[in-house]
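Please consult the sequence and the model shown below while reading.

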Amino acid sequence: MEAAILDAEPSLGHGVGGALKLAMSKGYLQKEDSNRPSASRFAHLQAQNYSIEDKTYGDDDKFGRRDRFNGPTSDFKEKEGFKPNVKLEYIDDDGHVLSAKEAFRYLSHKFHGKGPGKNKVEKRMKKAEQEVLMKRMSSTDTPLGTLNLLQAKQKETQSPYIVLSGSKQMQTTSIAKTKH
């Protein structure tokens, strides 16, 4: 007589039980008893201050956990006149301080993973360029440097005034923009 090398496979036609037996025989599943951790081995991981009351309040309750705090409550007498000075400042990737509206847009774009449109990017770049030009510009002179030209002409003519309009006969001094 010949001995069977392989056991007969359970039939899968008998439902889920047959499939489970086949999985156990193939080694896909292990018996639950050998896989269960012992209670003494994980005793240090057990909750120290656990009460069944924590389970009775669901996450959908109206008041939440903050209204049922039962810990010690005492007034902080030393903090009686304390008024915190909180100022939220949002800063973008380039280090510029953002307004509340710009910060909201920036965080929204970052959260949703989408950036602003092409026109908005161009508008923001133009605004940044204008700010740089305004910082570079002298606060006492015009963008064309008219005041500096007038002062230079006064030093040249050594007079406390300059005639800006008049007849051709009077025109001894003229102001012209020169390239530096």
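## Asp 93 and Lys 110

Asp 93 is exposed, with a relative accessibility of 63%; exposed means over 50% relative accessible area, buried under 20%, and partly exposed in between (1.4 Å probe, protein chains only). Lys 110 is also exposed, at 54%. The side chains of these two residues, Lys 110 and Asp 93, form a salt bridge with an N to O distance of 3.9 Å. The term denotes a side-chain nitrogen of Lys or Arg within 4 Å of a carboxyl oxygen of Asp or Glu.

Lys 110 belongs to helix 4 (residues 100-112), whereas Asp 93 is in the loop between strand 1 (90-91) and strand 2 (97-98), so the pair ties together parts 17 residues apart in sequence. Helices (H or I, at least four residues) and strands (E, at least two) are DSSP runs, numbered from the N terminus.

## Basis of the model

This is a predicted model, in which local features need pLDDT of at least 70 and side-chain atom pairs count only at pLDDT 80 or more, while totals for chains, interfaces and linings use all residues. Residues are numbered from 1 along each chain as its sequence is written, and side-chain values use heavy atoms, with hydrogens and water left out.

## Further salt bridges

The structure holds 4 salt bridges. One of them joins Glu 102 to Lys 127, with the closest N and O atoms 3.0 Å apart. This pair links distant parts of the chain, 25 residues apart: Glu 102 in helix 4 and Lys 127 in helix 5 (residues 118-136). Glu 102 is partly exposed at 28%, and Lys 127 is partly exposed at 42%.

Glu 89 and Lys 87 also meet in a salt bridge, at 3.6 Å from N to O. Glu 89 is partly exposed at 46%, whereas Lys 87 is exposed at 65%.
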